[in-house]
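Hi,

Here is the structure I promised to pass on. Have a look at it, and my notes follow below.

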Amino acid sequence: MKNSDVLKILYENKGEFVSGEEMASKFNISRAALSKRIAKLKDKGIEIDAVTNKGYKLKFLSNNICEENANLGILENQVIGNTIFALEEIDSTNEYAKKIAKNNKTGTVVTSNLQTSGKGRRGRGFVSEYGGLYFSVILKPNVSIDKIPFLTQLSACSVYKAMEELKISTKIKWPNDIILNDKKLCGILCEMSCEMDYVSYVVAGIGINIANVEFDEDLQKIATTLEKEGHYINKLDLFWGILKYFDYFYQKFEKNDYNEMIDILRKNSSILGKKISVISLDETRNATALDIDEKGFLKVQYENGEIEYLNYGEISIRNV
């Protein structure tokens with residue numbers, strides 16, 4: 001047995017006391033051994049009441065994700081989150097996920113309470129201090145390579161829906177940012193490994209600013225956190241919510257059913273109808289964001305009247 005087995009029983013009976021004698025008997029251990037396991041759970045920030053003649057009751061699961069609590073909110077038969085590697089500190093969850101992707105199945109998740117070298121798009125870093133939610137999902141989709149970019153938008157839809165469930169109203173900035181009160185709350189980075197026309201794996205990395213940390217002067221203008229905006233949540237609830245919706249949308253993605261996701265992307269876009277800059281390696285072009293088509297492509301019209309459908313890329317909103 002593991003400490004997580006003890007915690008699972010307490011979680012399943014949350015709000016109620018569970019007899020220490022019954023738990024010890026179930027796991028065929030002594031009451032003293034059970035007490036030591038409870039103490040180790042408390043060391044992880046998990047709050048458990050112990051009352052003589054009543055037993056143990058779970059009060060709080062901790063706001064940090066650890067090996068003991070990571071799987072508790074994963075639904076039965078859920079593919080995304082079937083295996084979770086819960087780390088305290090890592091350079092980048094995407095980098096770790098890529099190292100283990102070959103020997104792990106679709107739905108495996110790597111999460112860490114701190115990233116020392118968090119990754120953003122175009123080689124930029126992603127501030128990843130304690131108090132945020134940082135994780136990567138390993139995927140091995142049986143689809144053509146041209147459909148892989150949509151996984152970024154699938155990830156965005158999953159975050160949006162989980163936020164909505166927690167009564168937090170966000171917007172989606174195509175293709176990879178979640179916006180709260182006109183500032184960036186969450187970034188998404190999908191990385192693919194392929195051989196010729198075969199997709200070996202995709203790693204979908206998600207980083208969300210939660211705690212009220214201090215950004216440097218430049219970031220203060222463009223980034224925010226949930227707590228800065230007055231939203232105080234349990235990180236585990238958000239984590240499990242995102243994985244639940246990711247699982248739901250991923251099943252649709254593999255069936256080529258994008259309709260619900262496209263509807264979310266259109267209705268909750270932060271850019272449609274606005275003046276934007278389309279940024280590529282060698283130039284930046286001014287355009288208007290017109291629509292998101294049935295494949296998730298962004299339809300833009302440049303200042304010369306030219307229409308283009310973008311499958312991926314970077315854009316910024318122009319203040320005009």
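**Salt bridges, then the sheet**

Lysine 98 is partly exposed, with a relative accessible area of 24% (buried means under 20%, exposed over 50%, partly exposed in between, using a 1.4 Å probe and protein chains only). Bear in mind that this is a predicted model, where local features need pLDDT of at least 70 and side-chain atom pairs count only at pLDDT 80 or more, while totals for chains, interfaces and linings use all residues. Residues are numbered from 1 along each chain as its sequence is written, and side-chain values use heavy atoms, leaving out hydrogens and water.

Lysine 98 makes a salt bridge with glutamate 95, the closest N and O atoms being 2.8 Å apart (a side-chain nitrogen of Lys or Arg within 4 Å of a carboxyl oxygen of Asp or Glu). The two are three residues apart in helix H4, so about one helical turn separates them; helices are DSSP runs of H or I with at least four residues, strands are runs of E with at least two, and both are numbered from the N terminus. Glutamate 95 is partly exposed too, at 23%. Glu191 joins Glu95 and Lys98 in a network of salt bridges.

Searching the whole structure gives 12 salt bridges. In one, lysine 244 meets glutamate 165, with the closest N and O atoms 2.8 Å apart. That pair ties together distant parts of the chain, helix H7 and helix H5, 79 residues apart. Another joins lysine 173 and aspartate 177 at 3.8 Å, N to O, and both of those residues are buried.

Now the sheet. Seven strands form an open sheet in the order S3-S4-S5-S9-S8-S7-S6, with mixed pairing (strands pair if DSSP finds at least two bridges between them). S3 (84-87) and S6 (171-173) are at the edges with a single partner strand each, so one side of each has no neighbour in the sheet. S5 (133-139) and S9 (198-208) pair in the antiparallel sense over seven bridges, and isoleucine 138 has valine 203 in S9 as its bridge partner.

H7 (235-254) packs on the sheet, touching S3, S4, S5 and S9, and its direction makes about 25 degrees with that of S5. Contact here means heavy atoms within 4.5 Å; axes are lines fitted to C-alpha atoms, for helices over the stretch in contact, with angles from 0 to 180 degrees between N-to-C directions.

Lastly, lysine 161 in H5 (150-165) counts as buried at 18% relative accessibility, and touches Tyr245, Phe249 and Ile264, not counting residues up to four places away in sequence.

Cheers
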